[in-house]
Amino acid sequence: MASANDTRQMPKDAADQNFDYMFKLLIIGNSSVGKTSFLFRYADDSFTSDFVSTVGIDFKVKTVYRNEKRVKLQIWDTAGQERYRTITTAYYRGAMGFLLMYDISNQESFNAVQDWATQIKTYSWDNAQVILVGNKCDLEDDRVIPTEDGKRLADELGLEFFEASAKDNINVKQVFERLVDIICEKMNESLDASSGMNSTNHKNTALNETPASQSSSCSC
């Protein structure tokens, strides 16, 4: 029996319509921070060192099994270049989670994190969940962003923080699992709050009045 925090991979099938929940996730950050490699490592368990800049936006689908529920993840890989910004921000709405990524060996990508965080607040759903990811932690000899600086910035922005490496497959699965966890936790909190409000609103209803149906909590 899977635990509440367990995530297990189901057979890959992008066309599979047999799922309980679908979460739209976006990976954002400057160009060349490793967003595409990160997605390919998670979705296909593959990695290539050849850099090909993403044009506009692309996505992959992965279905995970969590607490006896199938959760279909639609993961969008966005272009980091400024000229594609109008295209990519159009995809922010409806996204339930973001991986905001920088490269630990690239100061400019770290400096841009605040701007990306502002874009999330501007263009996304209010309750979208975000994790800050310091990618390419395999490049320790080229590191210019200390881990402590990443943690400090995450704390300032109110985000959870991971360092990861698509190349060495470090924390890739864990980052996505945690993002799914947070989304489900927030869904439960929202549904619980809604149920509580409904209960309060119906305290004084007549006994013969049929109570409004209550939404069930996310079983993720």
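Is Lys60 buried, partly exposed or exposed, and at what relative accessibility? Lys60 counts as partly exposed, at 21% relative accessibility. The views below come from a predicted model.

**View 1. A salt bridge joins Lys60 to Asp44.** The two side chains meet at 2.9 Å, N to O. Lys60 sits in strand β3 (residues 57-66) and Asp44 in helix α1. The pair links distant parts of the chain, 16 residues apart. Asp44 is partly exposed, with a relative accessible area of 32%. A search of the whole structure finds 10 salt bridges.

**View 2. Arg143 forms a salt bridge with Glu163.** Their closest N and O atoms are 2.9 Å apart. Arg143 lies in the loop between β6 and α5, and Glu163 in strand β7, so the pair ties together parts that are 20 residues apart in sequence. Glu163 counts as buried, at 12% relative accessibility. Glu140 joins Arg143 and Glu163 in a network of salt bridges.

View 3. An α-helix has 3.6 residues a turn, so residues three or four places apart point the same way. Glu189 is partly exposed at 47% relative accessibility. Lys186 is partly exposed too, at 36%.

**View 4. Strands β6 and β7 run parallel.** Four bridges join β6 to β7 (residues 160-163). Val133 has Phe162 of β7 as its bridge partner. From β6 the chain passes through helix α5 (residues 147-157) to β7. This β-α-β crossover is right-handed.

**View 5. The largest nonpolar core holds 29 residues.** Phe23, Phe38, Leu73, Leu99 and Phe176 touch the most other members. At least two residues each come from β2 (21-29), α1 (35-44), β4 (69-78), β5 (97-103), β6 (129-135) and α6 (172-201). Helix α6 gives the most, with eight residues. Leaving aside neighbours within four places in sequence, Phe38 contacts residues including Leu99, Met101, Val133, Ala164, Val172 and Phe176. Apart from this core lies another, of 25 residues, among them Val113, Val130, Leu157 and Phe161.

**View 6. Helix α4 (residues 113-123) has a buried side.** Its buried residues are Val113, Trp116, Ala117, Gln119 and Ile120. Seen down the axis of α4, they fall within an arc of 155°, so they line one face of the helix. The face turned away from this buried side carries the exposed residues Asp115 and Lys121.

Note on methods:
Residues numbered from 1 in each chain as written. Predicted model: local features only at pLDDT ≥ 70, side-chain atom pairs only at ≥ 80, totals over all residues. Heavy atoms only, no water. Buried < 20%, exposed > 50% of the residue type's maximum accessible area, 1.4 Å probe, protein only. Arc of directions from axis to C-beta. Core = buried A, V, L, I, M, F, W, Y, C linked by side-chain atoms within 4.5 Å. Contact = heavy atoms within 4.5 Å. Pairing = 2+ DSSP bridges. Right-handed = clockwise from strand over helix to strand, strands pointing away. Salt bridge = Lys/Arg side-chain N within 4 Å of Asp/Glu carboxyl O.
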